[in-house]
Amino acid sequence: MKAIRVKIYPKRWQKELIEKHFGCCRFIYNYGLERKIKTYTETKKTIFVCAIQKELPKLKEEMVWLKEVNAQSLQQSLVDLDSAFSHFFRKNNSFPRFKSRRNPKQSFRIPQSFEVSKTRNAIKIPKLKWIRFRDRFNVPEGAEFRNITISRDGTEYF
C-alpha cells in the first residue's frame, strides 16, 4: 500500500499549530533553496542538506518561533528540498521553486515519533497530541506507516 488520504478533524488550537508548521516548514524550505542558489552562484559548488540542517539550531536561537514546531518536520522539509534537486538533475522535474504562502495547498511531513490508533480513530503527533480522523478506507491492523503528511486543501485538513 502506497498512501492513504484521510480527512482529519483538528481542534482550534491544533489548527493554529498546524498552520505554524506549514509556515515554518515553508520558511526552512525557502531558506535552504536560497542557500543552495547563493552558494552555487558565489562558489560554483553545491552545499549539501546536512550542512544546512546543522544551521537549524542557530536559526532557532535567532528566530524563536521556529521552536514552536516539531524539529523533525523542519529537517524533513530540507530532505524534501534535496529530493527536488535530485529529481531536477535526473531531468524528471523543473528547477525547484520557492514555496508561496498564498498557495491554498500546504503540507508538512512527520517522519517519526507518531502513533496511529485505529481503535481511537486518531493519530498522535508530537506537539499536536491526538487528532481524530475518519477511517473510510479500513486501514489494515498490521499496516506499517513510514511517515505522515499533514496537508490543507482549502479549509479541510488531511
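Colleague: At its relative accessibility, does Ser73 count as buried or exposed?

Modeller: This is a predicted model, and in it Ser73 has its place in helix α4, which covers residues 71-89. The cut-off for a buried residue is a relative accessible area under 20%. Because the relative accessibility of Ser73 is 1%, Ser73 counts as buried.

Colleague: How many disulfides does the structure hold?

Modeller: A disulfide needs two cysteine sulfur atoms within 2.5 Å. For Cys24, which is in no disulfide, the nearest cysteine sulfur is that of Cys25, 6.9 Å away. For Cys50, also in no disulfide, the nearest cysteine sulfur is again that of Cys25, at 18 Å. The number of disulfides in the structure is zero.

Colleague: Is Cys50 buried or exposed?

Modeller: A residue counts as exposed when its relative accessible area is over 50%. Cys24, with a relative accessible area of 5%, is buried, whereas Cys50, because its relative accessibility is 52%, counts as exposed.

Colleague: Which element supplies the largest share of the lining of the second largest pocket?

Modeller: The second largest pocket, with a volume of about 390 Å³, is lined by 17 residues, of which Tyr29, Asp80, Ala84, Arg97 and Lys99 lie nearest its centre. At least two residues of this lining come from each of α1 (12-43), α4 and β2 (105-110). The largest share, five residues, is supplied by α4.

Colleague: How many charged residues are there in the lining of the second largest pocket?

Modeller: Sorted by class, the lining holds seven nonpolar residues and six polar ones. The charged residues in the lining of this pocket number four.

Colleague: What distance separates the C-alpha atoms of Pro10 and Phe158?

Modeller: Pro10 is found in the loop between β1 (8-9) and α1, and with a relative accessible area of 10% Pro10 is buried. Leaving aside its neighbours within four places in sequence, Pro10 is in contact with Lys15, Ile18, Ile131 and Tyr157. Although Pro10 and Phe158 are 148 residues apart along the chain, the separation of their C-alpha atoms is 9.8 Å.

Technical notes. Residues are numbered from 1 along each chain as its sequence is written. This is a predicted model: local features need pLDDT of at least 70, side-chain atom pairs count only at pLDDT 80 or more; totals for chains, interfaces and linings use all residues. Side-chain values use heavy atoms; hydrogens and water are left out. Helices (H or I, at least four residues) and strands (E, at least two) are DSSP runs, numbered from the N terminus. Buried means under 20% relative accessible area, exposed over 50%, partly exposed in between (1.4 Å probe, protein chains only). On a 1 Å grid over the protein atoms alone, a cavity is a set of points where a 1.4 Å probe fits but cannot get out, and a pocket is an open set with protein on both sides within 12 Å along at least five of seven lines; lining residues have an atom within 4 Å of a point. Grid points are joined across faces, edges and corners, and a volume is the space filled by probe spheres set on the points. Ala, Val, Leu, Ile, Met, Phe, Trp, Tyr, Cys and Pro count as nonpolar, Asp, Glu, Lys and Arg as charged, and the others, Gly among them, as polar. Contact means heavy atoms within 4.5 Å.
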